[in-house]
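Visitor: Hey, can you walk me through the charged pairs in this one? I'd like to go residue by residue.

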Amino acid sequence: MYTIVRIKSVIRKYVEGGNVVDPAALMAPCDDYEKNLMLEISKFNEVMENAFDELAPHKICAFIYAVSNAFNSFYHETRILGQEDKKRLSSQIALLDITKRVLEKCIDVLGFSAPDAM
């Protein structure tokens, strides 16, 4: 839940700066941290299908953990809101938004939700 709240905070600051989140702005990754996050969230459908087929909600929990770790590595190694390249910034915000939506869907399936702030 902390990861979702952190993402919401970054997106909120971005929007408060007069920007709009554009999911279509997503670009190819510029480093390994961004690439790893993209690769982790790309496993969403497979994980959900597998968890459903095997009646194994713990697989969703493991996926949430993996995505959160990939996001935290990306977050700590990337200067997101300080990014000077506006296209890259828009792409990174789109990636954060996708990550947030994936994590929110996972916890929704598990029966809980994340707060807006902690």
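**Salt bridges in the model**

Guide: Salt bridges link Lys8, Lys100 and Glu104 in a network. A salt bridge here is a side-chain nitrogen of Lys or Arg within 4 Å of a carboxyl oxygen of Asp or Glu. The model is predicted, so local features need pLDDT of at least 70 and side-chain atom pairs count only at pLDDT 80 or more, while totals for chains, interfaces and linings use all residues. Residues are numbered from 1 along each chain as its sequence is written, and side-chain values use heavy atoms, leaving out hydrogens and water.

Visitor: How many salt bridges by this rule?

Guide: Six.

Visitor: Where is Lys100?

Guide: In helix α5, residues 86–110; helices are DSSP runs (H or I, at least four residues), numbered from the N terminus. Glu104 is in helix α5 too, four residues from Lys100, about one turn of the helix. Their side chains meet at 3.4 Å, N to O.

Visitor: Is Lys100 buried or exposed?

Guide: Buried, because its relative accessibility is 15% and buried means under 20% relative accessible area (exposed is over 50%, partly exposed in between; 1.4 Å probe, protein chains only). Glu104 is partly exposed at 25%.

Visitor: What does Lys100 touch?

Guide: Ile4, Ile7, Lys8 and Ile11, not counting residues up to four places away in sequence. Contact means heavy atoms within 4.5 Å.

Visitor: Switching topic, which side chain meets Arg88 in a salt bridge?

Guide: That of Glu34, at 3.4 Å, N to O. This pair links distant parts of the chain, 54 residues apart: Arg88 in helix α5 and Glu34 in helix α2 (residues 32–41). Arg88 is buried at 11%, and Glu34 is buried at 0%.

Conventions
Helices (H or I, at least four residues) and strands (E, at least two) are DSSP runs, numbered from the N terminus.
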